[in-house]
Every structure is written in C-alpha cells, then in structure tokens.
Amino acid sequence: MNERQQTLLEFMQQQSDKLAVQTLQHIGLTFISLFIAVLIGLPLGIFIARKKKLSGSVLGVAGILQTIPSIALLGFMIPILGIGAKPAIVALLLYALLPIIRNTYTGITGVDASVKEAAVAMGMSKWQILFKVELPLAMPVILAGIRTATVINVGVATLASYIAAGGLGEFIFGGISLNNTNMILAGAIPAALLAIIFDFLLSLIQKLNFKKVRRVAYALPVLLFLLSSLYFIPSAYGGKLTAGFTPEFMGRQDGNLGLESKYGLKIHTIVISDAVMYKAAYEKQLDVISGYSTDGRLKAYGLVVLDDDKGIFPPYYAAPIVREDALRKFPELEKTLNLLSGKINDSVMTDLNYRTDYLHQSPERVAKDFLVVHKLWKTSREGNGGIVRIGSKIFGEQYILANIYSMLIKGYTNYNVSTKTGLGGTKICFDALTNDQIDFYPEYTGTGLLAILQASPKIITEVTKNKDSTYNYVQQEFKKRYQIKWLKPIGFNNAYALMMREQQAKSLNIKTISSLKRYLNSK
Amino acid sequence: MIKVDSVSKHFGKTKAVDSISFEVQEQENLILLGTSGCGKTTTLKMINRLIEPTSGNIFINGKNIADEQPETLRRSIGYVLQNNGLFPHYTVAENIAIVPNLLKWDKKKTENRTAELMEKLHLTADYLHVYPNELSGGQQQRIGLARALVSDPPVLLMDEPFGALDNVTRANIQKEFKALDELTRKTIIMVTHDVQEAFELGNRICLMDKGTIIQSGTPADLLFKPANKFVKDFLEDQRLQLEFKAIKLIDLWPLLPDHQKDKAHALPANTDIWSALELLRFHNAETIDIRNEQNEIKTIGFEQLMSAFNQYKNKQA
Ligand SMILES: Nc1ncnc2c1ncn2[C@@H]1O[C@H](COP(=O)(O)OP(=O)(O)OP(=O)(O)O)[C@@H](O)[C@H]1O
Ligand SMILES: [Mg+2]
C-alpha cells in the first residue's frame with residue numbers, strides 16, 4: 001500500500017488505538033496540571049488579595065514563568081525530575097499558574113466593597129465571607145482564568161511527548177520527522193478540537209447564573225480529578241524492561257513497526273525526544289533505546305548496539321546531495337565535496353560526535369582538527385566567486401559535516417559559503433533544497449529511500465539487502481524525480497540501532513535483538 | 001442604652017472623629033446630622049466595630065463593646081448601608097435569611113419571619129425569589145431594611161438609608177418607616193445629611209461638623225436654642241418648615257382657645273403643626289379637633305393655629 005494515497009481518515013482508523021491512548025494522555029496531562037495549578041493558584045490568589053503588597057512580586061514571578069519558552073522549561077525540568085509525566089506536569093502547571101492566580105486576585109479584589117462591608121456588619125466570620133461572598137462573586141472571573149489556563153495547557157501538552165510523557169505530540173512530532181502529513185494532522189486536529197471543546201464548555205459554565213455556578217464550583221474539583229485520572233488508564237501496564245523510542249522511530253517500518261512485525265518484539269515503550277533519550281538510558285530510567293549507530297553519546301554513556309540479526313534497519317550511508325543546477329553553477333563543487341569520500345568510518349564519526357556532544361567542543365574546532373589530522377586542511381582563499389549555501393539538520397553530526405564542507409570549499413575553491421544549520425527535520429531540510437534555499441546538505445541513503453522517496457515495502461526489501469543497491473536506487477530516483485545528485489558516500493553508516501547499557505546487556509546476556517526478544521518472552 | 005464616651009478616630013493626620021460623646025436612650029431615635037465628610041459614617045461604624053476607635057470607649061447596655069467578640073456583637077445590631085449592600089448572588093429570600101442562618105434558626109422560623117416582614121414592608125411574596133438587580137432602588141432599600149430587622153435586634157444603625165432615592169420614593173418610605181411598629185421598639189442611630197429627614201424621624205439630633213458634635217438636643221432645642229451661629233445657619237434655609245415640624249400641637253395647648261365639645265374623632269396633640277396644616281389645607285376643613293392625653297378636646301381653625309404658633313415663637317425668643 002502506498003502511504004501517499006492513504007487518507008487522513010484511514011490513517012486515524014488504522015491508528016485508532018494509539019490515537020485513543022494519546023488523546024486520553026493528553027486530556028489527563030492537561031487536567032492533572034490544571035488541577036494542581038488550581039490547588040496552588042487559588043489560595044495564592046486569595047492570599048495576595050489579602051496582602052496586596054505581595055501581589056506585585058507574586059504576579060511578576062508567575063509572569064516570568066509564563067515567558068520561558070516551553071521547550072526550555074521542559075529542558076530545565078529533566079535534571080531535576082527526570083523524564084516522563086512528572087516534569088511535564090510541573091512544567092504545564094507553571095504555565096497554568098499565572099492566569100489562575102491573576103484572575104483569582106482580580107476577582108476577589110473586584111468584589112463590591114459595600115457588599116463585603118455588609119457581610120462583615122452582619123457578623124460573618126472571615127471564612128464565611130470568603131466562601132459565601134468573595135469566592136462566589138469572583139467565580140466568573142476565576143473561571144475565565146481556568147479557561148485560559150486550560151487552553152494554554154492543551155497547547156503546551158503537545159510538547160510533553162519530548163520528555164516521554166505521551167499525549168498527541170507523539171503524532172505531531174513523529175509526523176514532522178517522518179514527513180507524514182496524515183500523522184501530523186492526526187495529532188494536531190484532535191489537539192485543536194480538544195482546545196476548542198474545553199474552551200466552549202468552560203464558556204458555558206462561565207455564563208451560568210449564580211445559583212448554578214455554586215453547584216459547578218462544587219462539581220469542578222471532582223470533574224478535574226476524573227479527567228486527570230484519564231492519564232493513568234493507558235500507562236497501567238508495565239514490563240520487565242522499558243524502551244524509549246523517538247516519535248520518528250515509533251512510526252517507521254524500519255523502526256518500531258519493523259521490530260513488531262519482523263521480530264515480534266513487545267516491550268513497554270515510552271516515546272521520548274532524541275535529546276534526552278541517551279541520558280535517560282544512562283540514568284537507568286530507560287533500558288532499551290532507539291539510537292543512531294554513530295552517535296557520540298553511545299561512547300559517552302557506555303551503551304552498546306544490539307546486533308540487528310534480521311536486518312530490519314536499512315543502511316544509512318551519508319553523502320552530500322546537491323541540486324544539479326548548483327553543480328552547473330559551481331563547477332568546482334563536486335570535486336571538492338568528494339574530497340571527503342571514504343574518509344570517515346563509523347568509529348571516526350562516533351568519535352567526532354563524542355567530542356561535540358559530550359566534550360562540548362565546537363563543531364568548527366572538531367571539523368578543523370579532523371581536516372588537519374587527515375592532511376586536508378587548507379587556509380581559506382577568501383574567494384568571491386559566488387556563495388555556496390550549505391544546509392544541515394538539527395543535530396551534532398550534521399553540524400560537523402557542514403563545517404567540514406564549508407572549510408573544504410573555502411580552502412580549495414574561490415567560492416564563498418553561507419550555512420543554514422539547524423533545519424528541523426528531513427522534510428524541512430529537503431524542502432529547503434528543492435526550493436533553492438540551500439544548494440546541498442548531507443543526507444542518508446536510508447532516509448532518502450524511506451522518508452523522501454517513500455518507497456513501497458517491496459522495493460525496500462529489495463534494495464536494502466546491501467548498501468550499494470540502496471545507494472544506487474536513491475541516486476537514480478533522486479535524479480529522475482528531483483534533479484538532485486547524490487555524491488560519493490562519506491563512508492560511515494549512521495543507521496538506526498537498538499542499544500542498551502553495556503553492563504545490563506552483559507549481565508542479561510543480550511547481544512542481538514532476537515536475544516532481547518527471548519529475554520522479554522521468558523518468564 | 002448606648003453610650004459613646006470621648007471617642008476619636010484618626011486616619012493618619014485626618015481627625016475623622018475627634019473626641020465625641022453622646023448617649024442614646026432605649027427606644028430613642030438619634031440622628032447624626034452634618035455635611036459630607038464630618039465623620040458621621042465613621043462614628044456609626046465604630047458602634048458595630050467595623051472601625052476600631054483610636055481612643056475612647058463605647059458601651060451598649062453598660063458593656064464595653066471592645067470586650068465582645070466582634071461577630072457576636074454585630075449579629076445583635078442591625079445595619080442598613082447607604083447603598084444597601086445586598087448580596088447580588090443571593091435571592092431576596094436568601095439575603096434576608098443571612099443573619100438567621102448565622103444564628104442557626106430553623107428554616108420554618110426564618111420563612112415565617114421573612115413573610116411577616118415582607119408584608120409589613122408592602123412587598124409581595126413574588127419578590128422572594130428574584131435577585132436584587134431585578135428590583136428598583138426603593139425595593140432594594142426595603143429589602144436592606146428587612147435584612148437588618150429580621151432577627152429583631154434591639155439596636156439598629158442606619159447610614160443614609162434613604163440617600164439614594166428620589167424625593168417621592170423617599171417621602172413614601174419615610175412615612176412607612178415612621179409607621180412601622182417594628183421600629184418604635186428599637187434604639188436607632190441614623191445618619192443623614194438631610195435636615196428635613198432628621199426633623200421628621202429623629203427624637204434627638206446630634207449636629208456634627210469636622211469630627212466634633214456642635215450641638216445635640218431635640219429638634220426644637222436646635223431650632224429655638226441654637227448653641228452658636230453654625231447651628232443657626234445650618235437650619236436657616238428651611239426654617240419655617242422645620243419649625244412646623246418641630247412644634248407639636250401640645251406645645252401650643254395653652255395658647256389655643258377652649259372649645260369643649262365631645263368628639264369621637266380627634267387628632268392626638270403630639271401631632272406636629274405641619275401635619276395639622278396639611279389636614280386643614282388638603283381636606284378643606286374649616287376646623288379640626290385635637291385631643292390631649294387627658295382627653296380634653298379643642299376645635300381649632302387655621303387662624304387660631306397660626307396665632308398660637310406666633311405667640312409660641314415669641315416666647316422662645
Ligand atoms: N478609611 C479611611 N482612611 C482615611 N480617611 C478616611 C477613611 N474613612 C474616612 N476617612 C476620612 O474621614 C473623614 C470622615 O469620613 P466619614 O466617612 O465618616 O464622613 P461622613 O460624615 O460619613 O461623610 P458623607 O456624608 O460624605 O458620607 C473624611 O475626611 C474622610 O476622608
Ligand atoms: Mg458617610
């Protein structure tokens with residue numbers, strides 16, 4: 001079946017299990033954090049309404065929290081709280097805090113002074129005034145705050161999938177990295193619908209008259225609690241080992257789908273971003289991860305690659321891909337880029353990655369050191385024969401390659417160079433290339449075959465038997481379809497791989513994916 | 001019954017109330033009268049401890065209110081606010097039931113009492129389940145009064161209760177107010193800046209200025225024995241009308257001609273001149289009959305009334 005012809009509806013039907021799980025997780029995450037935010041924000045709002053002097057600083061701090069970019073906030077949470085639901089909930093609740101505190105404060109201070117005075121004069125105690133006068137009268141404003149917070153949370157909760165907390169972000173970010181529009185929409189549309197539905201329901205509650213608002217105020221905590229508990233339904237099952245796979249890996253035939261179909265591997269899986277996956281494995285929060293075989297963190301965190309004994313991971317040999325009109329425009333370019341061909345094997349690449357990712361050396365420095373050692377280094381000619389635009393994806397290896405190529409072009413030709421590094425995923429990078437925003441970038445044969453060409457399963461089995469047939473196939477197809485040329489392979493194979501902590505793999509005697517499966521199946 | 005003893009309240013440098021003393025007898029209706037900002041509201045609020053005095057003491061029934069639990073004290077004092085202060089999220093019935101609920105009355109008792117008050121205040125039971133914003137200003141003020149009266153507190157404090165109403169509505173409510181039997185049994189302190197209202201409703205008046213009491217006494221005392229020029233000037237504008245309201249027929253009794261006749265219907269002699277004049281004018285009567293407490297009856301006409309009034313005033317001067 002060709003993926004392109006699959007409609008969104010078919011995709012959603014096919015993935016309905018996952019969709020249901022993700023939606024429940026999404027609602028759960030949204031409301032657990034909202035529930036806690038109300039528990040904290042409401043009393044805090046009441047408190048600063050009493051002590052007005054503190055209101056400035058409390059609202060200020062909550063305001064600053066709100067301006068921290070969500071990804072960064074999630075990033076800060078990991079060292080403190082690890083990965084999974086905990087840091088996601090904390091981050092979400094920090095976002096929800098401001099509207100709740102602020103509206104509680106505004107609502108309570110906005111209660112008519114003469115009504116409050118009447119309450120005091122009739123002999124109501126402080127608590128009676130709070131619960132019978134101030135809170136009921138402030139309730140519409142407080143509800144408006146909760147409504148804002150809910151909508152914010154539904155949105156931000158999509159990012160929770162970055163740190164293995166689940167939710168509809170799994171589809172959205174998986175779809176982006178897989179260049180799968182249906183998958184993106186299958187996450188984005190339900191997320192948007194959730195936001196609209198909750199916003200609408202809360203707007204109804206807000207419009208109720210005083211009598212009913214009172215009832216709602218009692219029902220709300222119960223409702224929040226019930227919605228919160230949805231999160232725990234899907235994750236109620238556990239397992240011997242826990243795997244952490246990237247959203248991209250989850251959706252790929254040469255990823256989790258292949259593990260399930262070819263190996264019959266069933267493992268308790270959480271979805272997590274590449275950025276935190278290796279560390280989480282090192283810290284024993286995960287046991288099996290889906291990594292790249294040349295990743296520097298492999299070395300840094302003491303992980304070993306499990307042998308792919310059934311050959312489900314196709315070869316991912318890296319080579320620069322260049323638009324043909326750029327080759328015509330810069331006649332020297334091909335020769336120069338091919339200087340690198342065959343120079344970097346797997347272990348060299350792992351080492352280069354280790355230096356940037358773990359030793360935190362700059363990609364420029366790593367690139368230059370490499371060229372010097374391999375006697376390829378030449379000082380820049382400061383040429384002005386036109387500007388070659390280099391692209392790279394958003395991870396370390398690509399930065400290093402982009403820098404190496406930049407130095408080669410400057411040293412060996414009269415061209416100048418501009419780099420556009422950090423282009424999100426495959427889709428973004430490839431679109432930039434076809435739209436003439438960059439001239440070339442390093443791509444991997446497997447990615448070209450699966451993500452860009454989206455070859456049929458038949459062709460995939462046929463051409464992934466060895467690295468050369470894969471290379472030849474993508475080279476031909478790219479030329480035909482996109483007028484893009486694959487230059488000579490650089491040498492290393494950055495394929496997907498399952499990896500585990502070396503120590504654990506040894507003690508469990510797991511060397512191959514098949515032996516991992518046997519271990520999981522044993523009682 | 002209520003004794004205010006050299007009480008002061010300073011807000012920073014503002015001396016809102018500056019060492020004032022006065023007493024209110026049981027069932028008396030005392031008016032705090034004065035221009036805006038003279039400290040009337042502040043004085044009133046110190047009596048139910050909405051404001052704590054800077055110095056001085058207040059006693060109710062001989063007990064210093066500073067020694068009482070504020071909530072308990074307040075539940076025994078009715079308070080009517082200038083702009084009614086009804087709870088917008090409570091129905092009329094719920095608003096009236098606030099204090100009974102605090103006092104843990106049973107439901108039936110509260111309902112009966114509410115119905116009784118609604119009738120006395122000329123409000124139909126239809127209004128019980130509407131919210132305050134669906135009521136007119138006059139109706140809201142009546143509910144405010146009902147809420148203050150519901151637990152039948154011995155003391156009632158009222159801060160310009162009719163201030164926000166138009167003249168016609170105010171006159172009507174004032175009449176009802178005077179006729180309300182509930183109120184005759186109560187000790188009332190009422191704040192107003194309206195001289196007419198003060199003379200109409202007050203047994204005694206404390207005229208205040210800049211946080212102090214300039215003079216306190218009966219309406220007639222203020223009119224005919226003003227303590228200083230301030231008092232005189234304060235009353236000058238509406239002097240004649242005030243005099244008609246302040247002087248009762250009984251005051252003129254000796255000055256009126258004897259005309260013994262036995263009449264069944266006769267006006268009580270503690271009626272003020274203003275009301276007597278209204279009767280003569282609007283009912284087109286040649287004469288009216290009046291009766292004193294010894295059941296003596298006189299029949300008087302307009303001329304005789306006016307001449308007695310002039311003689312009385314000359315004697316006061
Ligand atoms: N909470 C407060 N803080 C500071 N000053 C106050 C406060 N309350 C009252 N004052 C001041 O005390 C003085 C007396 O105020 P008060 O409210 O008792 O006047 P009032 O006689 O009731 O006037 P009005 O007829 O306008 O209601 C005013 O000068 C007022 O500005
Ligand atoms: Mg006042």
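Trainee: Into which domains is chain B divided?
Mentor: This is a predicted model, in which local features need pLDDT of at least 70 and side-chain atom pairs count only at pLDDT 80 or more, while totals for chains, interfaces and linings use all residues. Residues are numbered from 1 along each chain as its sequence is written, chains are lettered from A and ligands numbered from 1 in the order in which they are written, and side-chain values use heavy atoms, with hydrogens and water left out. Domain bounds come from an automatic or database domain assignment. For chain B they give domain 1 (2-243) and domain 2 (248-316).

Trainee: How much area do domain 1 of chain B and domain 2 of chain B bury between them?
Mentor: The C-alpha centres of these two domains of chain B are 32 Å apart. Four residues of domain 1 of chain B are in contact with five residues of domain 2 of chain B, contact meaning heavy atoms within 4.5 Å. Buried area is the accessible area (1.4 Å probe) that two parts lose on being put together, summed over both. Here 65% of it is on carbon and sulfur atoms, and the total is about 510 Å².

Trainee: Which residues of domain 1 of chain B lose the most area to domain 2 of chain B?
Mentor: Three residues together account for 82% of what the domain 1 side of chain B buries. They are Phe224(B), Gln241(B) and Glu243(B).

Trainee: Which side chain meets that of Glu243(B) in a salt bridge?
Mentor: A salt bridge is a side-chain nitrogen of Lys or Arg within 4 Å of a carboxyl oxygen of Asp or Glu. The count between domain 1 of chain B and domain 2 of chain B is one. At 3.0 Å, N to O, the partner of Glu243(B) is Lys313(B).

Trainee: How many salt bridges are counted between domain 1 of chain A and domain 2 of chain A?
Mentor: Chain A is assigned domain 1 (8-232), domain 2 (242-313 + 498-521) and domain 3 (318-493). The contact takes 15 residues from domain 1 of chain A and 13 residues from domain 2 of chain A. These two domains of chain A bury about 1,100 Å² between them, 68% of it on carbon and sulfur atoms. The salt bridge count between them is zero.

Trainee: Which residue of chain B forms a salt bridge with Glu117(A)?
Mentor: Chain A and chain B bury about 1,800 Å² between them, 64% of it on carbon and sulfur atoms. The contact takes 19 residues from chain A and 23 residues from chain B. The rule finds one salt bridge across this interface. With the closest N and O atoms 2.6 Å apart, the partner of Glu117(A) is Lys45(B).

Trainee: Which side chain has a polar atom 2.5 Å from an oxygen atom of ligand 1?
Mentor: Residues with a heavy atom within 4 Å count as near a molecule; those around ligand 1 include Phe11(B), Ser36(B), Gly39(B), Lys40(B), Thr41(B) and Glu160(B). A polar contact is a pair of N or O atoms within 3.5 Å; within protein, one must be able to donate a hydrogen and the other to accept it, and residues adjacent in sequence count only if both atoms are side-chain atoms. Oxygen atoms of ligand 1 lie 2.9 Å from a backbone N or O atom of Gly39(B) and 2.8 Å from a polar side-chain atom of Lys40(B). At 2.5 Å, the side chain is that of Thr41(B).
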